[in-house]
Amino acid sequence: MKARYQYRFYPTDQQQKRLAQLFGCVRVVWNDALALCKASGKAISFNQLSALLTQ
C-alpha cells in the first residue's frame, strides 16, 4: 500500500507575487520550446533545445 500526503501552502502577498512571476517565465520558456519543436518537425534533444533557448 502506498502512502499519500496532501499539503496546503498559504503564501504571503510577496510570495504570491514572486510565484506569479516565476510561472509567467516558465510559461514563456515552455511556449518557446514548444514552438521550436513544432517548427523543426522532429524531436529535439534536451541539449539542443537548451542551446537554442539560451541564444
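1. Let's start with one residue. Glutamine 48 has a relative accessibility of 46%, so it counts as partly exposed; the partly exposed class runs between the 20% limit for buried and the 50% limit for exposed. You will find glutamine 48 in helix α2. Keep in mind as you read on that this is a predicted model.

2. Glutamine 14 belongs to helix α1. Is glutamine 14 buried or exposed? Its relative accessibility is 54%, and therefore it counts as exposed; the cut-off for that class is over 50%.

3. Next, step back to the whole chain. How many helices and strands does the protein chain have? There are 2 helices and 0 strands. Helix α1 covers residues 13-40, and helix α2 covers residues 46-53.

4. Here is how the two helices meet. A pair of packed helices is described by the angle between their axes and the distance between those axes. For α1 and α2, the axes come within 11 Å and cross at roughly 115 degrees. The crossing of α1 past α2 is right-handed. On the α1 side, the contact is made by Val29, Asp32, Ala33, Leu36 and Cys37, while α2 brings Leu49, Leu52 and Leu53. Sorted by type, the residues of this contact are 7 nonpolar, no polar and 1 charged.

5. What about the overall form? The radius of gyration of the protein chain is 17 Å, whereas a compact globule of 55 residues would have one near 10 Å. Along the principal axes, the C-alpha atoms fill a box of roughly 40 × 40 × 15 Å. As for burial, 7% of the 55 residues count as buried.

6. Glutamine 48 and valine 26 are 22 residues apart in sequence, and their C-alpha atoms lie 18 Å apart in space.

7. Finally, a word on the record. An unreviewed UniProt entry carries the annotation "domain: Transposase putative helix-turn-helix" for residues 1-39. In the model, the chain over residues 1-39 is 69% helix and 0% strand.

Notes. Residues are numbered from 1 along each chain as its sequence is written. This is a predicted model: local features need pLDDT of at least 70, side-chain atom pairs count only at pLDDT 80 or more; totals for chains, interfaces and linings use all residues. Side-chain values use heavy atoms; hydrogens and water are left out. Axes are lines fitted to C-alpha atoms, for helices over the stretch in contact, and angles run from 0 to 180 degrees between N-to-C directions. Helices (H or I, at least four residues) and strands (E, at least two) are DSSP runs, numbered from the N terminus. A crossing is left-handed if the near helix is turned anticlockwise from the far one by less than a right angle, and right-handed if clockwise. Contact means heavy atoms within 4.5 Å. Ala, Val, Leu, Ile, Met, Phe, Trp, Tyr, Cys and Pro count as nonpolar, Asp, Glu, Lys and Arg as charged, and the others, Gly among them, as polar. UniProt positions are given in the numbering used here, feature names are shortened, and annotations may be inferred rather than shown by experiment. Buried means under 20% relative accessible area, exposed over 50%, partly exposed in between (1.4 Å probe, protein chains only). The radius of gyration is taken over C-alpha atoms; the globule rule is 2.2 Å times the number of residues to the power 0.38.
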